[in-house]
Amino acid sequence: MLSVSNVSMRYGAKVLFEEVSTAFTPGRRYGLTGPNGAGKSTFMKLLSGELEPQKGAVVRPRKLSVLSQDQFAFDAFKVIDTVIMGNKRLWAAMQERDAIYEKPEMTDEDGMKLGELEGIVGEEDGYTAETDAAILLQGLDIPDELHLRKMGELQGGQKVRVLLAQALFGHPQALLLDEPTNHLDLDSIHWLQDFMNQYDGVLVVISHDRHFLNSVCTHIADIDYETIITYTGSYDDMVVAKTQVRSQIESQNVQREKKISQLNEFIARFAAGTRSSQVQSRRKEVERLQVTELARSNIQRPFIKFDMKRPSGKHILELEKIEKAYDDKKVVRGFTASISRGEKIALMGRNGAGKTTLVNALLANSPTTPESELRVTSGYDGKFIDGGKVVWGHEALIGYFPQDMRALIDKGTTVLEWLHQWDPSASNEEIRGLLGMMLFQRDEATKSTDVLSGGEAARLLFCKLMLQKPNVLVLDEPTNHLDLESINALNIALQKYPGTVLLVTHDHDLIDEVATRIWHFESDHSITDFKGAYEEYQTVHA
């Protein structure tokens, strides 16, 4: 059992949660939700023991596993060993056993200890540990040839996937995962969903992927109103239930306020008269009917609306036999396509398959993408394509959201000043209005760009795109630093946008609800061009 009792956490005047008591039951899978800053990661650290509550107590099972957030902690260890370390009891027994075997001579005491250690290894499925770890790594797209490499040799995204395999290893009784789908491609996310749906312990997961939460969770523990309320069902079920409960309380309050007003009117009229007993009973009735005080929700919803200064021509982009390789590694092979105005194309495929490489090729040949934006693209080796042609159509005006978005925001300036450069004719009030739509408070317009969080930097880039009013949006993993409310706002905005969209994302719902065409990057470096929605693509390519 994993539970908290009367737990409170606050930072200065900000209350995250007060006197919270809740239990997480084996066999149930809980999504931990709430807006950025509500205290999700803090609560997860309380559950794991990384933080102690300011008040209250936490009860944990013996075998608790946590997704490590430190990418560099295991750099000196082999990948396969890093995964096995997820079972601390097994790893300690294996290390001690191996140390005894390395002795030139063993004592009787060593022999007895070996028997005890071999018992632990057997109990913890240690004799199949390497095989079990390899299966997890393969499911998360870490190929066999990397399993015996040192963690320090891996790229950042690969390290995160190994640490996820570590958390999943060893059949933990409780599993705490903070943003496990970050750095996963859609195939790996679907594999993780299947794995989680077969897991029989307690799962508590923080995720900004609505489809993942809906696919995996049996319950939602929502942090809001300075408390945690658990709802039965998926994330979408919780949103409906939460709205209904809130509306019901607000409706009851309106009725109570009306009744209290009538009673107070009677009391005021007859308080000094002969009907004192009736006045007294109505005073008691007023006390009984006191309005339920509604705590304020932490949820803030941004508003995103992409407009166009002018429409593009009907034929917006032509690609002819595009080729790209890095050294001897082919990335894109002979891709030809024609894009019409208004199409919304999702670029899909495994990490490293070439999606960002193709985006770079398109931007490098665009008439309106400034050199400063091209410099932030990843994987540039001096030229963006090795062969073929990229031809943009008449009046194409491109707005770009790069994967490495922080590199696009100049340091040493303010939010207002940085945004103003993209449209010098815009008034300060117009720019402040855009910032307000993206949840920047009025005094945050003068905030230094040096100290922006990931979520703030992403929201600032959306302000830039709304100010530029392009007729083509090129978005490379725009949801990485957004909360669920912001992702939903982006989803709606892209559906309503009349221009052309090229979208690299691993968000299932965003692809499903926005894309009208799929470019799927295959393992042989070809690209499948499917003209239709993602649901149709899945049916055809099942």
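Predicted model: local features only at pLDDT ≥ 70, side-chain atom pairs only at ≥ 80, totals over all residues.
Biologist: What does the protein chain contain by way of secondary structure?

Modeller: The protein chain has 18 helices and 18 strands. Of its 542 residues, 51% are buried.

Biologist: How do you know which faces of strand 7 are covered?

Modeller: In a regular strand, side chains alternate between the two faces of the sheet. Val 202, Val 204 and Ile 206 are on one side of strand 7, with Leu 203 and Val 205 on the other. Each of these residues is buried, and both faces are therefore covered.

Biologist: Why is strand 6 said to pair with strand 7?

Modeller: Two strands pair if there are at least two bridges between them. Strand 6, residues 174-178, has 5 bridges to strand 7, so the two count as paired. The sense is parallel. In one of the bridges, Leu 175 has Leu 203 of strand 7 as its partner.

Biologist: What makes strand 3 a partner of strand 7 too?

Modeller: The test is again at least two bridges. Strand 3, residues 29-33, is joined to strand 7 over 3 bridges, so this pair passes as well. These strands also run in the parallel sense, and Gly 31 stands opposite Val 205.

Biologist: Why is the unit of strand 6, helix 7 and strand 7 called right-handed?

Modeller: The strands are viewed pointing away from the viewer, and a clockwise path from the first strand over the helix to the second is right-handed. The path from strand 6 over helix 7, residues 186-198, to strand 7 makes a right-handed β-α-β unit, which means that it runs clockwise in that view.

Biologist: How do you know which residues belong to the lining of the second largest pocket?

Modeller: A lining residue has an atom within 4 Å of a point of the pocket. For this pocket of about 880 Å³, 32 residues line it. Nearest its centre lie Glu 179, Asn 182, His 208, Asn 480 and His 481.

Biologist: Which helix gives the largest share of that lining?

Modeller: Helix 1 does, with 3 residues. Helix 1 (40-48), helix 6 (156-168) and helix 15 (454-468) each supply at least two.

Biologist: How many of the lining residues are nonpolar, polar and charged?

Modeller: The lining has 9 nonpolar, 17 polar and 6 charged residues.

Notes. Residues numbered from 1 in each chain as written. Heavy atoms only, no water. 1 Å grid on protein atoms, 1.4 Å probe; cavity = no way out; pocket = protein on both sides within 12 Å on 5 of 7 lines; lining within 4 Å. Points joined across faces, edges and corners; volume = space filled by probe spheres on them. Helix = DSSP H or I, 4+ residues; strand = E, 2+ residues; numbered from the N terminus. Nonpolar A, V, L, I, M, F, W, Y, C, P; charged D, E, K, R; others polar. Buried < 20%, exposed > 50% of the residue type's maximum accessible area, 1.4 Å probe, protein only.
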